[in-house]
Amino acid sequence: MKQKRDLFLCITCLLLALLFSMAEGRSTDEALAARIAPEILRFHVLANSDSTDDQNLKLKVRTMLLNTIYEEMGENASLEETKTYVRSHKARLEEKAEMYMRTLGYDYPAHMELTNTYFPTKTYGDMVFPCGNYEAVRVKIGEGKGRNWWCVLYPPLCFVDSSYAVVPDTSKEILRESIDASDYKKLNKESPKIHIRLKVVDLLKKDKKDKKPIAQNPR
């Protein structure tokens, strides 16, 4: 009975410690996001629905818009120039997205806007951006009720497969010059691998051992 009580207490303490650690970590991440967000513009695309066709369409529209934006702005556009471009070309980009979707057999409207949105922690190549509120170019396809896709439009960190891409040195340099040096290190820092031996594991093993049946002597 005492072992079960100890096990219950250990599990309870573990869960409380985990919840506290998660809350503290999220608060730290959001504080970091608040400091770096003024120098970052993200790109957010919402699919019409979660159907396979709509999700595939979302990726095609994403690629078309990103190629258009980067090609027309050039490689050296600043953050403010990028925002100005989006505002002044909003209607044309929406129309281009709608025409592109019609060629693929879809009659969805496209709506683009500059907005402030909460993003979860996301890895872009070899950099990690913390959860928090960021300004973003948001593109809503149709009802916009499907899973979304996001990246960093400025500095240019938008990749088709961001999990395996390597952030260009030019983009890293823009970030390094725009934000505090210690904050930059946090974005570029690899997550440490932590191995923890838990007391609860020992208790489970001990409890299992105590319940192991005793072998009977053969008659």
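Tutor: We go through the sheet, then the helices on it, then the charged pairs. Keep in mind that this is a predicted model.

Student: How do strands of a sheet pair?

Tutor: Strands pair through backbone hydrogen bonds, in either a parallel or an antiparallel sense. Here the pairing is mixed.

Student: How many strands does the open sheet have, and in what order?

Tutor: There are four strands, in the order β2-β5-β1-β6. The edges are β2 (110-119) and β6 (148-154), each of which pairs on one side only. From one strand to the next, the twist averages 30°.

Student: Take the pairs one by one. How many bridges join β2 and β5?

Tutor: That pair has 10 bridges and is antiparallel. For a landmark, find Thr115: its bridge partner in β5 is Ala136.

Student: In which sense do β1 and β5 pair, parallel or antiparallel?

Tutor: Parallel, over five bridges. Val45 has Val139 in β5 as its bridge partner.

Student: And how many bridges join β1 to β6?

Tutor: Six, with β1 (residues 41-46) and β6 running antiparallel. Look for His44, which stands opposite Trp150 in β6.

Student: Now the helices. Which strands does helix α2 lie across?

Tutor: Helix α2 (residues 52-73) lies across β1, β2, β5 (132-141) and β6. Its direction is at about 10° to β6. Helix α3 (residues 79-103) also packs on the sheet and touches β1, β2, β5 and β6. The direction of α3 makes about 130° with that of β2.

Student: On to charges. How many salt bridges does a search of the whole structure find?

Tutor: Nine. For this kind of pair, a side-chain nitrogen of Lys or Arg must lie within 4 Å of a carboxyl oxygen of Asp or Glu. One of them joins Arg138 and Glu113, at 2.7 Å from N to O.

Student: Why does the pair of Arg138 and Glu113 tie together parts that are apart in sequence?

Tutor: Arg138 lies in strand β5 and Glu113 in strand β2, so the pair ties together parts 25 residues apart in sequence.

Student: Which side chain meets Lys172 in a salt bridge?

Tutor: That of Asp126, with an N to O distance of 2.8 Å. The pair links distant parts of the chain, 46 residues apart. Lys172 is in helix α4 (residues 169-178), while Asp126 is in the loop between β3 (122-124) and β4 (127-129).

Student: Is Lys172 buried or exposed?

Tutor: Buried, with a relative accessible area of 12%.

Student: Which residues are linked in a network of salt bridges?

Tutor: Glu80, Lys83 and Glu135. Find Lys83 on screen, then trace the links from there.

Methods:
Residues numbered from 1 in each chain as written. Predicted model: local features only at pLDDT ≥ 70, side-chain atom pairs only at ≥ 80, totals over all residues. Heavy atoms only, no water. Pairing = 2+ DSSP bridges. Helix = DSSP H or I, 4+ residues; strand = E, 2+ residues; numbered from the N terminus. Axes fitted to C-alpha atoms, helices over the stretch in contact; angles between N-to-C directions. Contact = heavy atoms within 4.5 Å. Buried < 20%, exposed > 50% of the residue type's maximum accessible area, 1.4 Å probe, protein only.
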